[in-house]
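Hi,

Here is the structure I promised to pass on.

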Amino acid sequence: KTACVTALQLLLLPMPRVDADLKLDFKDVLFRPKRSSLKSRSEVDLQRTFTFRNSKHTYNGIPIIAANMDTTGTFEMAQVLSKHTLFTAIHKHYSVEDWKNFAASHPECLEHLAASSGSSNADFEKLCSIVEAVPALKYICLDVANGYSEYFVEFVKSVRGKFPQHTIMAGNVVTGEMVEELILSGADIIKVGIGPGSVCTTRIKTGVGYPQLSAVIECADSAHGLKGHIISDGGCSCPGDVAKAFGAGADFVMMGGMLAGHDQCTGELIEKNGKKYKLFYGMSSDTAMKKYVGGVAEYRASEGRTVEVPYRGDVENTIRDVLGGLRSTCTYVGAAKLKELSRRTTFIRVTQQSSHMFT
């Protein structure tokens, strides 16, 4: 009798489920070109204007964001990006004094900056100190690896309660129901992406993730239904990927690896065999954890890699390349404004992006 009961209990346990619906990444698609009345790329308007659901703040700019990694989310990066009305999520390791000094000397940049924070008590206390010290700062980026925890949802609610008029970015997640929950908890812009980053090893170490193009399409649909917004965070390796993220419905696109290796990135210049490099690493890598918390804790694994990126000079050249590519995409599909790109987008599935004859 006991054996029969045990067998019945096992039968009633929920079984693993396989979602067989097709999920796609940037590499799996290309834009289908369409008739266009545009005569030149110069006619394309990349500026966007958003009014955020919870903060009621109005944003205006080109919605590309430097990732809040300590090599790319720097004050030096912000100085260059803000000239083009691009945005920088400043990494969380600057001191309050660093923030004060930067705000005093570069007040024109503050409209396109966010202060980043994790979800620990120490992170929150530091965030409060930064916001108090720099009252012109209007954006907060709440960044954790796993945006699905109940603790993080409650943290977002607490930050919204403390800063009712600030625009809150929060993440990361990859599914519509969690996008909705975070928006309803007080976030304005949801960071979408688990594992697509160039120096992220989450998918290898945990087996968790979601193809980025499909994640953006699904999460944008959920966010826009609530008048919220999303950031496509990770997975862009070229200007065409940035365009695909916008075409899929992203309001903002965040870049890390594409901005690595420049003068505006922190870290010393390394010279090997006559070539110059800069270190770039994930914020869950051995390198980052040794730098900030003394090493990888016994209970966890490193979920980031460290790479030597060829030195690329001033980031200004890369920005122009990305913006030029984005304008060109718009002309191919007949979008006079970046705002129109997703409405003019038809993706076609492909097995090959480009010729590799000379790569």
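Predicted model: local features only at pLDDT ≥ 70, side-chain atom pairs only at ≥ 80, totals over all residues.

Residues are numbered from 1 along each chain as its sequence is written, and side-chain values use heavy atoms, with hydrogens and water left out.

**The second largest pocket**

Some terms before the numbers. Everything is done on a 1 Å grid over the protein atoms alone: a cavity is a set of points where a 1.4 Å probe fits but cannot get out, and a pocket is an open set with protein on both sides within 12 Å along at least five of seven lines. A residue counts as lining if it has an atom within 4 Å of a point. Points are joined across faces, edges and corners, and the volume is the space filled by probe spheres set on them. Helices (H or I, at least four residues) and strands (E, at least two) are DSSP runs numbered from the N terminus.

The second largest pocket holds about 280 Å³ of space. Its lining consists of 18 residues, and those nearest the centre are His224, Phe246, Ala248, Gly249 and Ser342. Helices H8 (212–225) and H9 (239–247) each contribute at least two lining residues, with H8 giving the most, four. Sorted by class, the lining has eight nonpolar, five polar and five charged residues. For that count, Ala, Val, Leu, Ile, Met, Phe, Trp, Tyr, Cys and Pro are nonpolar, Asp, Glu, Lys and Arg are charged, and the others, Gly among them, are polar.

Among the buried ones are Asp241 and Lys244, along with Phe246. After H9 comes glycine 249, which has a positive phi near 115°.

How do H2 and H11 sit relative to each other, given an axis crossing of roughly 45°? The axes of H2 (residues 75–83) and H11 (residues 315–333) come within 10 Å; they are lines fitted to C-alpha atoms over the stretch in contact, and angles run from 0 to 180 degrees between N-to-C directions.

The largest has a volume of about 40 Å³, and its lining is Ile64, Leu86, Met255, Leu259, Thr318, Ile319, Val322 and Leu323. H11 gives the most to that lining, with four residues. Seven of the lining residues are nonpolar, one is polar and none is charged.

**The second largest cavity**

This cavity comes to about 30 Å³. Lys92, Ser116, Ser117, Asp123, Lys126 and Leu127 line it. Strand S6 (113–117) and helix H4 (121–133) each give two or more of these residues, and H4 has the largest share, with three. By class, the lining has one nonpolar, two polar and three charged residues.

**Single residues to look up**

- Glycine 171 and asparagine 172 are joined by a cis peptide bond, with omega about 20°. Asparagine 172 is in strand S8 (residues 167–173).
- Threonine 85 has a positive phi near 60° without being a glycine, and is in the loop between H2 and strand S5 (87–90).
- Lysine 227 is another non-glycine with positive phi, near 65°. The residue is in the loop between H8 and strand S10 (229–233) and is exposed, at 63% relative accessibility.
- Phenylalanine 75, in H2, is buried at 6% relative accessible area. Its C-alpha lies 9.3 Å from that of aspartate 98, 23 residues away in sequence.
- Leucine 341 is in the loop between H11 and strand S15 (347–349) and is buried, with a relative accessible area of 0%.

Cheers

Technical notes: Buried < 20%, exposed > 50% of the residue type's maximum accessible area, 1.4 Å probe, protein only.
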